[in-house]
Amino acid sequence: AEAYLARAGELFGNDDSIVFDRVRALLELGRASDAVELLGRRARREPPERAAWRVVALSRDGQHEDAVEGMGTSDPDGVEPSLLSMARFEASRSLREMGRTDDAEQSFRFLAESGNALAAHAAVELASMLNQRENYQDARDILDATLASSDLEDGLCRSAVYRSAWAAHRM
């Protein structure tokens, strides 16, 4: 898919929509560093959608400080809600990887309560952090609410059930 999109870029120019499709394909292929390279260097005033894709790519490439900085300086206006949620989720993961657990917890909690497509994923991440901090009751409450209110994909459902059971066991 990425090769096809690269060829489309050669034929029709590299407007943002083609670049974003290529970035999406590269990220799906696990080639985050190639996605970062394709997006190029951060411009002083770059379009919000490009900035959001950059946050996702930087986080997945392990460039956590740059991802968090990019999320802090980007303008969320004009960004498709699902892309904005993805960028916030990746920035939250970067905060956790940087050891900024309080900030990560707050960010995951915001996403978990948002009701968007990544809310259940954020709830599981948040509960995992709460379990590590031995805040088992809060973790279990979040997971039980998520399991009761969401139609979860199998892998995420198993993860939520396991983490909820672990919290119950440790209480």
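This is a predicted model: local features need pLDDT of at least 70, side-chain atom pairs count only at pLDDT 80 or more; totals for chains, interfaces and linings use all residues.
Residues are numbered from 1 along each chain as its sequence is written, and side-chain values use heavy atoms, with hydrogens and water left out.

Q: What makes up the secondary structure of the chain?
A: The chain has 10 helices and 0 strands, where helices (H or I, at least four residues) and strands (E, at least two) are DSSP runs numbered from the N terminus.

Q: Why is H8 called roughly parallel to H10?
A: Helix H8 (residues 119-132) and helix H10 (residues 154-170) pack at an angle of about 30°, with their axes 10 Å apart. Axes are lines fitted to C-alpha atoms, for helices over the stretch in contact, and angles run from 0 to 180 degrees between N-to-C directions. Angles under 35 degrees count as roughly parallel, over 145 as roughly antiparallel, 65 to 115 as roughly perpendicular and the rest as oblique, and H8 is therefore roughly parallel to H10.

Q: Which residues make the contact between H8 and H10?
A: With contact meaning heavy atoms within 4.5 Å, H8 contributes Ala120, His121, Val124, Ser128 and Asn131, and H10 contributes Leu156, Ser159, Ala160, Arg163, Trp166 and Ala167.

Q: Which residues have the most contacts inside the largest nonpolar core?
A: A nonpolar core is a set of buried Ala, Val, Leu, Ile, Met, Phe, Trp, Tyr and Cys residues joined through side-chain atoms within 4.5 Å. The largest one has 23 residues, and Phe89 and Phe108 have the most contacts inside it. The largest share of this core, 8 residues, comes from H8. Leaving aside neighbours within four places in sequence, phenylalanine 108 is in contact with residues including Phe89, Ala122, Leu126 and Met129.

Q: Why is glutamine 63 called partly exposed?
A: Buried means under 20% relative accessible area, exposed over 50%, and partly exposed in between (1.4 Å probe, protein chains only); the relative accessible area of glutamine 63 is 26%, and so this residue is partly exposed. Glutamine 63 lies in the loop between helix H4 (48-60) and helix H5 (64-73).

Q: How far apart are glutamine 63 and serine 94 in sequence and in space?
A: Glutamine 63 and serine 94 are 31 residues apart in sequence and 8.0 Å apart in space, C-alpha to C-alpha.
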